[in-house]
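Visitor: I'd like a tour of this one, please. Where shall we begin?

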Amino acid sequence: MTDPIALNLPTGAASPRSIAISNWLYSVAFLVFIMVVVGGITRLTESGLSITEWKPVTGALPPLSEADWLSEFAKYQQIPEYLEISGPAGMTLADFKFIYFWEWVHRLLGRLIGVVFALPLLWFAVKRAIPSGYGWRLVALLALGGLQGTIGWWMVSSGLSERTDVSHFRLAVHLLTALFILGGLVWTALDLRQLAAGHERSARMTGLGIAVLAVLFVQLLFGAYTAGLDAGYVSSTWPMMNEYFIPGGINWEAGTWSALNNDPYLIHFIHRWWAWAVVGFLIILARKVRHIDRSASIAIHIAFGSQILLGIATVMTGIDIHLAVLHQAVGALVVASTIWGVHLIGRAPR
C-alpha cells in the first residue's frame, strides 16, 4: 500500500530528516515516561478518582475560583470512594485539592503529548519529510495515543459508581498500553536512525526478542495487578512473605484462574518471583547485544539491577511512596532498554 504522507528519498537525502524525526520521537517517548511516573504518583496518592468527568477540551483548565473548587469537591463527594473511605477519614477541601492536582497534571500531560505528537507529525507530512514506510506507523502511534485517553477514562469510570477504586484489569490495560506506546516510539526512533545510517530494512523481531518481551509482559501485567489491588501491602518482608515462602491467605475457592487474576497474596508472590525469570532472560539478551553495542548491554543490566533493588526496598519499607514511584519509573526504563536490546539483535546486516 502506498504511504500517502511519506516521501521516497535516497538514503543520503533522507538522513537529516530521519534523524530529526527520530529525535522528535525520543522527545515524545520522554514525555510518555514522565506520564508513566505521574500515573504512578496518581495511583499511590489515590488521586485517580478526584476528577469525576471527562472533558477533553474544557477539562484542561483547573478550577479557578473557590466556587469552582467547591463544585468539583461536591461531585467527588457523591462517589463511593469519598462516601466509604475519604469522607469517614475526614477529607478536607485542602486534601481534595492535593489529589485533584495530581489527576489534573496526569490528564494535562496526556493532552500535551497529543499536541507534541500531532503537530510535528502534521508538519513533517506537509513537508513530505517522512521516509517511505513510516507514515502509517506514525499515524498508528498517534491513534494509539488517542485510544489511551479513552482507556484512561474507561478505567476511571469503573470507580465512580459501585467500587471505591478502579478496576485492576482496566488499570493494567491502561499501564500496559502506555508502555507499549513507549516501546513503539523507541523502536521507531531506532529504525529511523538505522535508516539514516544506510540500513534500508527495519529491524525484525527474532525468536529471542519475542521470548524476552513475552516474559517481561507477564511481569508488567502482574505489576499492574499488584498496584491495582494494593497487593504490595500484604507483606513487608523479603524474601519470605510473612514468614512463609508461599504465603498463607491465598483464596483458591473460585479456582486457580480467579486466584491468578484477583488474589493479592498470589499476585504479589508471582510478581516478586517472576522477576527473576525476567532477570535471566534479560541477562541472555544483554550478553547477546554486548558485541553489537556495549552501551545497550550496560543499560539493560543497570535497569533490571536497579529495578530488583527498588522492588525489594519498596516491599520492606511498607510501600514507601518515593521508592514505589521510582520502582514504576525504572520499570519504564527496563522496557525502553529491553526494546533497545531486542532492536539490536533484530537488525539486518548492512
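Guide: A crossing of two helices is left-handed if the near helix is turned anticlockwise from the far one by less than a right angle, and right-handed if clockwise. This is a predicted model, so local features need pLDDT of at least 70 and side-chain atom pairs pLDDT 80 or more, while totals for chains, interfaces and linings use all residues. Residues are numbered from 1 along each chain as its sequence is written, and side-chain values use heavy atoms, with hydrogens and water left out.

Visitor: Is the crossing of α6 and α11 left-handed or right-handed?
Guide: Both are helices, meaning DSSP runs (H or I, at least four residues; strands are E, at least two) numbered from the N terminus. Look at α6 and α11 where they pack together. Their crossing is right-handed.

Visitor: Which residues of α11 make the contact with α6?
Guide: Contact means heavy atoms within 4.5 Å. On the α6 side you'll find, among others, Leu175, Leu179, Leu182, Gly183, Val186 and Trp187. Facing them from α11 are Gln328, Ala332, Val335, Ala336, Ile339, Trp340, Val342 and His343.

Visitor: Which residue does a cis peptide bond join to Trp238?
Guide: Most peptide bonds are trans. Here's a cis one, with omega about 5 degrees. Trp238 is joined to Pro239.

Visitor: What is the phi of Glu46?
Guide: Most residues other than glycine have a negative phi. Glu46 isn't a glycine, yet its phi is positive.

Visitor: How exposed is Glu46 in relative accessibility?
Guide: Buried means under 20% relative accessible area, exposed over 50%, and partly exposed in between (1.4 Å probe, protein chains only). Glu46 counts as partly exposed because its relative accessibility is 34%.

Visitor: Where does Arg128 lie?
Guide: Arg128 is another non-glycine residue with a positive phi, about 50 degrees. Arg128 is partly exposed, since its relative accessible area is 40%. You'll find Arg128 in the loop between α4 and β2 (130-131).

Technical notes: Axes fitted to C-alpha atoms, helices over the stretch in contact; angles between N-to-C directions.
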